[in-house]
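Welcome! Please take a look at the structure below, and then let us walk through it together.

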Amino acid sequence: MQQNRPSTFTSFAEFYPYYLSEHKNHTSRRLHFCGTLAVLSIAACVLFGVINAWWLLALPLCGYGFAWLGHFVFEKNRPATFQHPFYSLAGDFVMFKDMLIGRIAW
């Protein structure tokens with residue numbers, strides 16, 4: 001597994017290019033997208049009363065489960081979440097948006 005990551009970032013703008021460099025594999029990016037879509041779907045369903053609020057407990061499992069599968073199996077690297085949890089979470093949502101609008105390839 002790769003271990004050549006910077007230990008500090010001074011801004012999200014500085015972190016995001018690094019985040020994208022850790023998501024080069026198409027399958028890994030697709031898994032991240034599916035996990036984020038599942039998280040957003042569950043949250044929306046709870047918000048609108050379609051499903052019980054207990055489903056919120058599934059959010060970390062969905063989000064991290066898909067993403068970590070992508071990292072450990074396809075990227076062969078360690079998720080940025082372990083060292084940069086907040087930037088990593090933000091990066092996941094920005095990458096999701098960038099994939100939706102076509103800025104990043106599937």
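Here is a short briefing on the chain, grouped by topic.

This is a predicted model, in which local features need pLDDT of at least 70 and side-chain atom pairs count only at pLDDT 80 or more, while totals for chains, interfaces and linings use all residues. Residues are numbered from 1 along each chain as its sequence is written, and side-chain values use heavy atoms, with hydrogens and water left out.

**Overall build**

- The chain has 4 helices and 0 strands, where helices (H or I, at least four residues) and strands (E, at least two) are DSSP runs numbered from the N terminus.
- Read from the N terminus, the order of elements is α-α-α-α.
- Along the principal axes, the C-alpha atoms fill a box of roughly 45 × 25 × 25 Å.
- Of the contacts (heavy atoms within 4.5 Å) between residues at least 6 apart in sequence, 70% join residues at least 24 apart.

**Inside the chain**

- Buried residues account for 37% of the 106 residues; buried means under 20% relative accessible area, exposed means over 50%, and partly exposed lies in between (1.4 Å probe, protein chains only).
- A nonpolar core is a set of buried Ala, Val, Leu, Ile, Met, Phe, Trp, Tyr and Cys residues joined through side-chain atoms within 4.5 Å.
- The largest nonpolar core has 11 residues, including Phe9, Phe33, Ala80, Met95 and Ile104.
- Helix H1 (12-21) and H4 are the elements that give two or more residues to this core, and H1 gives the most, with 4 residues.
- Apart from this core lies another one of 7 residues, among them Ile42, Val46, Leu59 and Cys62.
- Which residues of H1 are buried? They are Phe15, Tyr16, Tyr18 and Tyr19, and the buried residues of H1 pack against helix H2 (26-47) and H4.
- Ser88 sits in helix H4 (residues 85-100) and counts as buried because its relative accessibility is 5%.
- Leaving aside residues up to four places away in sequence, Ser88 touches Phe15, Tyr19, Ala80 and Thr81.

**On the surface**

- The chain exposes about 6,300 Å², and carbon and sulfur atoms supply 69% of it; accessible areas come from the Shrake-Rupley method with a 1.4 Å probe, and for residues only the protein chains shown count as cover.
- A nonpolar surface patch is formed by Leu69, Phe72, Val73, Phe74 and Phe82, with about 410 Å² of accessible area together.
- Patches are made of residues with over 30% relative accessible area and no salt bridge, with like charges joined within 9 Å and nonpolar side chains (Val, Leu, Ile, Met, Phe, Trp, Tyr) within 5 Å.
- Val73, one of the patch residues, lies in helix H3 (residues 59-75) and counts as partly exposed because its relative accessibility is 40%.

**Charged pairs**

- Side chains of opposite charge can pair when their charged atoms come close.
- A salt bridge is a side-chain nitrogen of Lys or Arg within 4 Å of a carboxyl oxygen of Asp or Glu, and the count comes to 2 salt bridges.
- Asp98 pairs with Lys97, their closest N and O atoms being 2.9 Å apart, and with Arg103 at 3.2 Å, N to O.
- Is Asp98 buried or exposed? Asp98 counts as buried, because its relative accessibility is 2%.
- Lys97 is partly exposed at 37% relative accessibility, whereas Arg103 is exposed at 59%.
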